[in-house]
Structures are given as C-alpha cells and as structure tokens.
Amino acid sequence: MDNATFRSFLQVLPPVEFACVYGSSLHPSNHDKTIMTDYILGVSDPKQWHSENLKLNKHHYASWMVHLGGESLITGVADRIGVGVHFNPFVTWNGKLFKYGVVRMHDLLQDVQYWEKFYLCGRLQKPVHIVVDNLDVSSTNSVNLRAAVSAALLLLPSEFTEADLYAKVCSLSYTGDIRMLFAEDKSKVKKIVTGQFDLFHLMYKPFLEEYEAKKLLRLSSTAKNQIHVSQKPDQHEGRNKGNWYAYDIVRLVSELLLYFLTANIVEVQNELSCSQKYRGRVIPDTKVSTREAAANCLQRILRQRVMVSSARQAISGFLAVGGVNATRYLAKKVNKAWKSWS
C-alpha cells in the first residue's frame, strides 16, 4: 500500500499528532490482502481522543469497555495495567483489516528518548512508514536508532555482517518478551530482516558511516554487496590506548545506560559501574571490567524491562479487545508460532 492508502484510513478517526504504519504490511514482497495493517497513533490527550472516537467508531472497541466506563475505563486500563497504549484490532474498513494503538505523545517521546518502557521505542527501531508527524518524532527517533546501534555493537562479536547487525537490533525488543515463549514465530527476527532489508539499510547505514568516519568501525563490501563490519583496529594503525574492541566498552556502555536508567550518571574510571537510582529504586552495583561483562549488564537490564512491559501490555490488551477478539488474536499468533516450531 502507498502513502495515500495509509493516510486514507486515518480519515475515519479523530485527528492525531503522529501516525506510523509498522509490521508485515511494509514487507515489499507481501501481497496478502488479508493481512492486518498496524498503526501507532500519538495523541496529546488519549481520554479526549477516545471520547471523540467513541462517537465516530464505537464498534472499534470492546462492548464491555464502552458500556462500563467509556473513555475513562479505556485510558485507565491502558495507563494503569498496560504501558499506556490502547489497541483496537480487527477493525474492518474498505474491505481491509486494521489495528491501531493509541498512545499519549508524552509517553511515546519518553520511550523513544529514554527507553523508559522499551515498548514503542522497539517498534521504531524497526522500519516504519510515517504518515503524520506534527511534532517531528522522526528526528527525535534518531536518538533511539543511535542507541540501538550502540547496543547491537556491544552485543555482537568483533566481525559481523550488515544482516547480523539488523537482526541484533531487531531482537533487542524481543529479549524477555513473554510472547516469544508461546505466541510468536521463532523465525520472526530473521523474517523481519529478510523481508525489510533495504529499509533497515536506509535507516542504519548513516550511523555505520558516521562510526567509520570516527574510526570506531571498519566497513567493507561482501560478495553479495552487503556491508561487512569490523570492530577490531587495523593492525597498521593501532591505538596508543590499547585494543580498539576493548576500548569501546567505555563509549558504548556510557551511552547506553543513559537511556536505560533515564537520568543516569555513569562513572567511567578503571572499571565501569552501572549503579543508579531509577525513580527511587536502587539498582545493584555492577562492576564492568570486560566487554563481556558490559554486554551481560546491558542484557540483564533490557530483559527485565521488556519482560515487565510485555506482560503488562499482554494483560491490558486482553482486557481491551474483549474475550472474543482476544481469543481470535491469540489463536492466530499461536497458530503461526506452532507452524514455525514444527
């Protein structure tokens, strides 16, 4: 589908500040007309937006939510149980299926800039098609993409391909996701990268070239015209401060933990400490003296954050869509997962 088609669906909804399409409908080779087109919609006031949408499209919502609380219940479940996003799936319009998630703009920007819940930022680390962007989220998202590249570089070996990088970036938001245990295709990451490789290339090549210019990476071409990446120094250039690959612990972890722990101050001395209060809660001190230890520290924080967010959103989503649609959606997911496992 083209931009005009993506935009046309928004005409049946109240105005939004931000809208993007994500998921399978962006695969260039995907011509399945039965596939659901997924949107993230950013609005300034979700309660007001749902109030207006209930007047226009009451049938998009679970009947029990409409009758028992309306917009107050819808936003309450999203904010207090979920991670601030309310989804309406299986919306039929113009002979096609749609799903849209509505989020407060403030919450969207917090997640993009600080990985606060690592939910929507994970969506925006993968290819999306932006339809409406009144607040220039696409520019703000460059912070998110840069952090995703840094995370992937920390977790990858010293030598890897462009496809390996995109797979690692893509997998960040699935680390700890409870859906991966029973309701997701085990080859999901590979299929996303393969189906949208050119889109990933457009998103992340500028960061690779920037890091190459700063001599943090070395890039070369493979026989298949992919980029081969090395995090090891050229033996003829070397660094006075020692091994390049080890030196990057300081740069990568310092940069990443700023996003994981929001307003964090990372002390970089002979060893790196990733200890900080996060909203009044003390995260235990972790001494990082090797690249492997830094990666483990990163993965532990990431896994915990994704696990909590995915569990909360799963419960919220089940309540939001109602029993029939929840069962229908879960059955579709589980069926796809089982096919990939067998």
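## Exercise 1: The surroundings of Asn88

**Task.** Find which residues Asn88 touches, leaving out those up to four places away in sequence, and then work out whether Asn88 is buried or exposed.

**Solution.** 

Step 1. Beyond its sequence neighbours up to four places away, Asn88 touches Asn53, His60, Tyr61, Phe98, Lys99 and Tyr100. Please keep in mind that this is a predicted model.

Step 2. Turn to accessibility. Buried means under 20% relative accessible area. Asn88 has 1% relative accessibility, so Asn88 counts as buried.

Step 3. Look for a polar partner. The side chain of Asn88 makes a polar contact of 2.8 Å with the side chain of His86.

## Exercise 2: The sheet around S3

**Task.** In what order do the five strands of the open sheet lie, and which are the edge strands?

**Solution.** 

Step 1. Reading across the open sheet, the order is S3-S4-S2-S1-S5, with mixed pairing.

Step 2. The edge strands are S3 (85-93) and S5 (128-133), each of which pairs on one side only. From one strand to the next, the twist averages 20°.

Step 3. Zoom in on S3 and its partner. S3 and S4 (residues 96-104) run antiparallel and are joined by seven bridges. Across this pair, Trp93 stands opposite Lys96 in S4. As a reminder, strands of a sheet pair through backbone hydrogen bonds, either parallel or antiparallel.

Step 4. H1 (residues 3-10) lies across S1 (18-22), S2 (36-43), S3, S4 and S5, and runs at about 55° to S5.

## Exercise 3: A buried arginine

**Task.** Arg305 is buried yet has no salt bridge; which side chain of opposite charge is nearest, and how far away?

**Solution.** 

Step 1. Locate Arg305: helix H12 (residues 291-341) contains this residue.

Step 2. The nearest side chain of opposite charge is that of Asp111, 7.0 Å away. A salt bridge needs a side-chain nitrogen of Lys or Arg within 4 Å of a carboxyl oxygen of Asp or Glu.

Step 3. Now check the backbone. The Arg305 side chain reaches the backbone oxygen of Trp115 at 3.0 Å.

## Exercise 4: Positive phi values

**Task.** Where in the chain are Phe118 and Lys215, two residues with a positive phi?

**Solution.** 

Step 1. Recall the background: most residues other than glycine have a negative phi.

Step 2. Phe118 has a phi near 50°. The residue sits in the loop between helix H5 (105-114) and helix H6 (120-124). With 2% relative accessibility, Phe118 counts as buried.

Step 3. Lys215 has a phi near 60°, and its place is the loop between helix H10 (197-213) and strand S7 (218-221).

Step 4. Continue to the hairpin of S7 and S8. Five residues lie between these strands, and in this hairpin Asn225 takes a positive phi near 65°. S7 and S8 (residues 227-230) run antiparallel, joined by four bridges, and Ser220 stands opposite His228 in S8.

## Exercise 5: Salt bridges

**Task.** How many salt bridges does a search of the whole structure find, and which parts does the pair of Asp79 and Arg104 tie together?

**Solution.** 

Step 1. The search finds seven salt bridges.

Step 2. One of them joins the side chains of Asp79 and Arg104 at 3.1 Å, N to O. Asp79 is in helix H4 (residues 70-81) and Arg104 in strand S4, so this pair ties together parts that are 25 residues apart in sequence.

Step 3. Check how open the two ends are. Asp79 is partly exposed at a relative accessible area of 31%, and Arg104 is partly exposed at 24% relative accessibility. Together with Asp107, Asp79 and Arg104 are linked in a network of salt bridges.

Step 4. Take another pair. Lys205 and Glu209 meet in a salt bridge at 3.6 Å, N to O. Both lie in helix H10, four residues apart, about one turn of the helix. Lys205 is partly exposed at 30% relative accessibility, and Glu209 is partly exposed with a relative accessible area of 38%.

Step 5. Finish with Glu210, which forms a salt bridge with Lys214; their closest N and O atoms are 3.0 Å apart. Glu210 counts as partly exposed at 23% relative accessibility.

Terms used. Residues are numbered from 1 along each chain as its sequence is written. This is a predicted model: local features need pLDDT of at least 70, side-chain atom pairs count only at pLDDT 80 or more; totals for chains, interfaces and linings use all residues. Side-chain values use heavy atoms; hydrogens and water are left out. Two strands pair if DSSP finds at least two bridges between them. Axes are lines fitted to C-alpha atoms, for helices over the stretch in contact, and angles run from 0 to 180 degrees between N-to-C directions. Contact means heavy atoms within 4.5 Å. Buried means under 20% relative accessible area, exposed over 50%, partly exposed in between (1.4 Å probe, protein chains only). A polar contact is a pair of N or O atoms within 3.5 Å; within protein, one must be able to donate a hydrogen and the other to accept it, and residues adjacent in sequence count only if both atoms are side-chain atoms. Lys and Arg count as positive and Asp and Glu as negative; His and the chain ends are not counted.
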